[in-house]
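This briefing is meant to be read with the sequence and the coordinates open side by side. Please follow each group of points in the viewer as it comes.

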Amino acid sequence: MKDLSKKEAYVKEFQEKISKAQVVVLANCEGITVTNMTALRKSVRETGSELRVVKNTLLCRAFHDTPMADLEKHVKGNTAVTFGYEDPIAPVKALYAFADKDKKFVFKAGFMDGEILDVTKLAALSKVPGKKELYSMLASAVQGPIRKFACVIDALRKKKEEGAAPADAPAAQ
């Protein structure tokens, strides 16, 4: 990337990604095979996020004069940056699932809701239920009382039918 205009375009592209992202995660990807990195990119993409291996100096320029400026000190070595656009938890879960399989993938830091996240906070975030899990929890919580109400109504209907059936029987004779 010797052409200055290409570098400026690269920085501008990352500034746009940073402004759209709900979460940004930095990790060291040194020593990870191309096959594994491709699989990781795919799993991150499935969460509505994006993973890129970046040129450190240009990423630091993109972070400069943003709330994420403190991340610049973590941009050293081979850096993979993940931008989470839709669900801030899903890409972190995908990254941690990959890190469990490939120990060479090491987290550096992250950023979410105006706060720099260290490795401990990222680990805690990876254990929080994602949107899909929360929706299913909500659905089951709402479904329980509705199911009980339906059973009560059904029991009342059966009781009413049982009470009406003997009264109708003598009248039919």
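The model is a predicted one, and the values given here are computed from it. Its largest nonpolar core has 24 residues, and a second, separate core has 20 residues. A search of the whole structure for aromatic pairs finds 6 of them.

**Nonpolar cores**

- Within the largest nonpolar core, the residues with the most contacts inside it are Val25, Met37, Leu40, Leu51, Leu95, Phe105 and Phe107.
- The elements that give two or more residues to this core are strand E1 (23–28), helix H2 (34–45), helix H4 (90–101), strand E4 (106–112) and helix H5, and H4 gives the most, with 6 residues.
- Leucine 40, one of the residues with the most contacts inside the core, touches Leu51, Ala94, Leu95, Phe98 and Phe105 when its neighbours within four places in sequence are left aside.

**Aromatic pairs**

- Of the aromatic pairs found in the search, the one between phenylalanine 83 and tyrosine 85 is stacked, because the ring centres are 6.5 Å apart and the planes lie at 10°, an angle under the 30 degrees required for that class.
- Phenylalanine 83 has a relative accessibility of 0% and therefore counts as buried.
- Phenylalanine 98 and phenylalanine 105 make an edge-to-face pair, with 5.4 Å from centre to centre and 85° between the planes, and both of these residues are buried.
- Ring pairs also join Tyr10, Phe14, Phe83 and Tyr85 into a cluster.

**Helix H5 and its end at serine 126**

- Serine 126 belongs to helix H5, which covers residues 119–126, and with a relative accessible area of 11% this serine is classed as buried, since the limit for that class is under 20%.
- Once neighbours within four places in sequence are set aside, the contacts of serine 126 are with Val92, Lys93 and Tyr96.

**Nonpolar surface patch**

- Phe149, Val152, Ile153 and Leu156 form a nonpolar patch on the surface, and together these four side chains belong to residues with about 400 Å² of accessible area.
- Isoleucine 153, a member of this patch, is found in helix H6 (residues 131–172), and its relative accessible area of 43% makes it partly exposed.

**Loops and backbone**

- Lysine 103 is placed in the loop between H4 and E4 and counts as exposed, at 64% relative accessibility.
- The C-alpha atom of lysine 103 is separated by 9.1 Å from that of isoleucine 32, although the two residues are 71 residues apart along the chain.
- Aspartate 65 has a positive phi of about 60° although it is not a glycine; its place is in the loop between helix H3 (56–63) and strand E3 (79–84), where aspartate 65 is exposed with a relative accessible area of 71%.
- Aspartate 113, which is likewise not a glycine, has a positive phi of about 50°; this residue lies in the loop between E4 and strand E5 (115–117) and counts as exposed at 71% relative accessibility.

Methods:
Residues numbered from 1 in each chain as written. Predicted model: local features only at pLDDT ≥ 70, side-chain atom pairs only at ≥ 80, totals over all residues. Heavy atoms only, no water. Patch = residues over 30% accessible without salt bridge, like charges linked within 9 Å, V, L, I, M, F, W, Y side chains within 5 Å. Areas by Shrake-Rupley, 256 points an atom, 1.4 Å probe, with all protein chains shown as cover. Helix = DSSP H or I, 4+ residues; strand = E, 2+ residues; numbered from the N terminus. Buried < 20%, exposed > 50% of the residue type's maximum accessible area, 1.4 Å probe, protein only. Contact = heavy atoms within 4.5 Å. Core = buried A, V, L, I, M, F, W, Y, C linked by side-chain atoms within 4.5 Å. Phe/Tyr/Trp six-rings, centres within 6.5 Å; stacked < 30°, edge-to-face > 60°.
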